[in-house]
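I'll start with one chain, then go to where the chains meet.

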Amino acid sequence: MGYEFVALSLPPIVIGMLAAMACALPGNFLLLRRQSLIGDAISHVVLPGIVVAFLITGVISTIPMMFGAAAAALVAVVLIEAIRRLGKVEPGAAMGVVFTAMFAGGVLLLEQSDTSGVHLDVEHALYGNLESLIWLDAVGWSSLADPAALSGLPPELLRMALALLVVAGLTWLFWRPLKLSTFDEGFARSVGLPTGLIGLGIVVMAALAAVAAFDAVGSIIVIAMFICPPAAARLMTNRLESQIGWSMVFACLSAIIGYVLAGYGPMWIGAAASVSAAGMIATVSGLILAITALFAPHRRA
Amino acid sequence: MFEALTLQLGYNAVLVTLGSTALGVAAGAVGAFLYLRKRALVSDAISHATLPGLALAFLVMVGFGGDGRFLPGLMLGSALSAWAGLYAVSWITRKTRLPEDAAIGAVLSVFFGFGIVLLTVIQTMQSGRQAGLEGFLLGSTAGMLRSDALVIAAGGAIVLGATILLRRPMLMTAFDEGYAQVQGLNTARIDMALMVLVLAVTVVGLKIVGLILIVAMLIIPAVAARFWTENASRVAQLAALFGGMSGYIGAALSATAPDLPTGPIIVLVSFTLFALSLLLAPSRGVLASALRHRQLQHEVHLRQGLLALAHGQPVYESLTQRMLRSRGLMRADGVPTDKGRNAAAQALLDENRWQALRRIETLSSLAVRDDGLTRIGDVLTPDQVKLLDARLSPQGAA
Amino acid sequence: MTAVELATDNGQMVSENLTGSPLALRGVTVSYGSEPVVFSVDMTIEAGTMTAIIGPNGAGKSTLLKAALGIIKPLAGRVTTWGGSLDSQRARIAYVPQRASIDWDFPTQVRDVVMMGLFRELGLLRRVRAKHHAKVMECLTRVGMQDFADRQIGQLSGGQQQRVFLARALAQEADLYLLDEPFAGVDAATEAAIITVLKELRNEGKTVVAVHHDLSTVEDYFDRVFLINRRRMGEGSVEAAFTQDALHATYGGRLGDGLIARAG
């Protein structure tokens, strides 16, 4: 049992937790800035990004695909901003125009190119492949102390940990400007803060988390984690610091409970196979939000 | 391609093309009302929320021993779960402190995630009869049954008819909710009807463009149309036209080759119309407003430069200096030319006339026209200007 | 001494000496769209005074203030603070935005908001120490809000919110205070408390500029007025510039004669 858990379940759970936290952290600021749906937009444009990267390099490999996704996210963010400002289009509609068009472009490119021999499809970008991120070198809990075995951990784990570290580090470093400019932009500018740059920084941080996460866990968790844990956390407290803390707790809970339910839940009710872990994690985060919306202490203004 | 655009393809392709044209027209018009109500992205929540209903309907139909792919059944299921999603969005917005955009994002991701859980259940449940429900994510018209094509064509026509019937009350609500209420319209019910239409567009469009891209058919034509006109009912008409064009061209093009998926083509045609509108529209377009801004900036600098000359004040800003020099109004050393002196005197006179105007009871209401650039001669008759000058001459500048 | 008097009349380039003025605008024009909302405005704020910016709705009062602070970029013109550039003097300027421009549902406490006034001192990472907490409480006490330090800001009344904003400005320990409609939608007690603090500031030699709506209180509250209706319509001491004629020109027919009579 110990072996099976450490080798097959522990890595996906940890990766899921890291991804959930990396997305939820900037999600808190997006929520307060009324930009929650930018996460939705970013995760949709990941697809065209990886398709273009594949067409350019001709191989399915993680690093170029992540660059492609990051570039697409940046293009999307810049386009949304440009359409919003230059065309005086409301932000929601500007997002809707950009991400659907880019997504459509991605699908079309995918159909036009010869990808029959390789594993590159829309479903993969949506659901990820959390279940397949197993640790073959593990023999049991003792492997956690074995350097040789640790080097065989799925690379996604390190990547996700790094992404979380970067996002958390930036949030810590720029905490005061982030809070100040999110709360009162006019005042922030009057003390000389570059509020436009800070706003862009938050979106770039979100894009970084989304891009690091999509390959491991798929876009659907990314969108859910941007929004649900911070939203549920907002209903628990009236302090931004505690809100961030709660959102991290909810993100981890969603990942753990979701993965366990997806992997073992069907067995408990007598079915043979497991269901999508990504989908289940998103579902659990929604259930947590529903519970807080019904019972949390600060659910109403 | 010519054959495609003139509908000389197979019977199914013609039905699909007609259906997506009707759908495009309806989606454009409905989307315009949605956009004017500033709720464009509600459609994103609705469309993603169809997925669990689609999967559940499949499971139920198979459970009763039927064919899980029966399109009307799937459409009913997706409509029900989209309705639940819509209800969840409005519940969260009303009952908690969370803003609507967060509610939309939460609903779309959670419903979609749950839908994917159900899809994996279906995939494992019966490997032999692949449901092909993934086709609803991106739409697929390949190998469509004749009955399905008929359902879509009829559905598109019905939604279009309903939109035309409801256009007046929806227009009034979008334009001015308060006024519509005074006129005795039940705006809550009209908003509800609008949501039903959005839902209907979504459900009918699922099979053709898929649930991720149906949002584009609702949003893009409306945003594109808004660039061309300030008139709400024109926006709706133009959006319907753009939507119809996208649906028609998109479906017809995709029928010509197997690797041209209908949904993405429709969306990209629509986006092209949007991009052209964004750039080229005469008053709200980017090009026009950039030119206007530049023009305004130049006018302002020129005018302020002249006034500075008239007051004998130094001209600090380099743009102002450039404007004055290039028009031969100021020498390189900052001294005004004769022409510059005349123009400056003229500008000053205009200023003083505007100041005097504010102090004349019968004319002071015209002071709102004074934005610094408007010449007084464009607002007053020569006689009125004379009246002003009479006030000015005794005490000089006000 | 105003700038116009300083300028020579022979058309030569001279640079004015504005080091004595905490805030001076020259030829500032702002536009959001196709026409200027503020046109070619000169304004010279005198040190150690309280100035009211007055004018009808939509006359560009808040816009002028935002342009003065560099929050919006003017189409033309320049802003100097103590004769220097805005960026070099930011630490000496405090700003109180319009209350309505803020999302009061933001998850933060009164104490935190006032602490934001110490941002320039604290920077990114400097530790918050006992003296900073003491400073925050001192500023809250000064506006009578010391008992509300741990309240969530959304739970305050409009007047209390305005006082918290003033406390944040006080924490900035600035020399120039710019306030955008500080008395809009506040109760009488708050209005009295705010004006008391502002007058104290003035008496300490600080400079106060406020966008103001209520013409009936201008003479009681302020020393100087700046009248604006898209253009500068007058500027000077209350006695000299707050005249019936100037108000007529500024407000046009839109102002009841009763108010003008009182002001005149």
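This is a predicted model: local features need pLDDT of at least 70, side-chain atom pairs count only at pLDDT 80 or more; totals for chains, interfaces and linings use all residues.

What percentage of the 398 residues of chain B count as buried? I looked it up and got 51%.

Next, the fold of chain B. I found 17 helices and zero strands there.

Then I checked the overall form of chain B. Its radius of gyration is 30 Å, while a compact globule of 398 residues would come out near 21 Å. I also boxed the C-alpha atoms of chain B along the principal axes and got roughly 100 × 50 × 35 Å. For contacts in chain B between residues at least 6 apart in sequence, I see that 69% link residues at least 24 apart.

On to the contact of chain B with chain A. I have 50 residues from chain B and 52 residues from chain A taking part. On the chain B side, the helices that each supply at least two residues are H5 (71-95), H6 (100-125), H7 (135-138), H11 (214-226) and H13 (262-280). H6(B) has the largest share of that side, 16 residues. I sorted the chain B side by class and wrote down 35 nonpolar, seven polar and eight charged residues.

Last, chain A with chain C. Here 20 residues of chain A touch 22 residues of chain C. On the chain A side, I noted helices H8 (175-183), H9 (185-190) and H12 (240-268) as the elements giving two or more residues. H9(A) gives the most to that side, with four residues. By class, I get nine nonpolar, six polar and five charged residues for the side of chain A that touches chain C.

How values were computed:
Residues are numbered from 1 along each chain as its sequence is written. Chains are lettered from A and ligands numbered from 1 in the order in which they are written. The radius of gyration is taken over C-alpha atoms; the globule rule is 2.2 Å times the number of residues to the power 0.38. A residue is buried if 20 or more other C-beta atoms lie within 10 Å of its own, exposed if 12 or fewer, and partly exposed in between; C-beta atoms are placed from the backbone. Two residues are in contact if their C-beta atoms, placed from the backbone, lie within 7 Å. Ala, Val, Leu, Ile, Met, Phe, Trp, Tyr, Cys and Pro count as nonpolar, Asp, Glu, Lys and Arg as charged, and the others, Gly among them, as polar.
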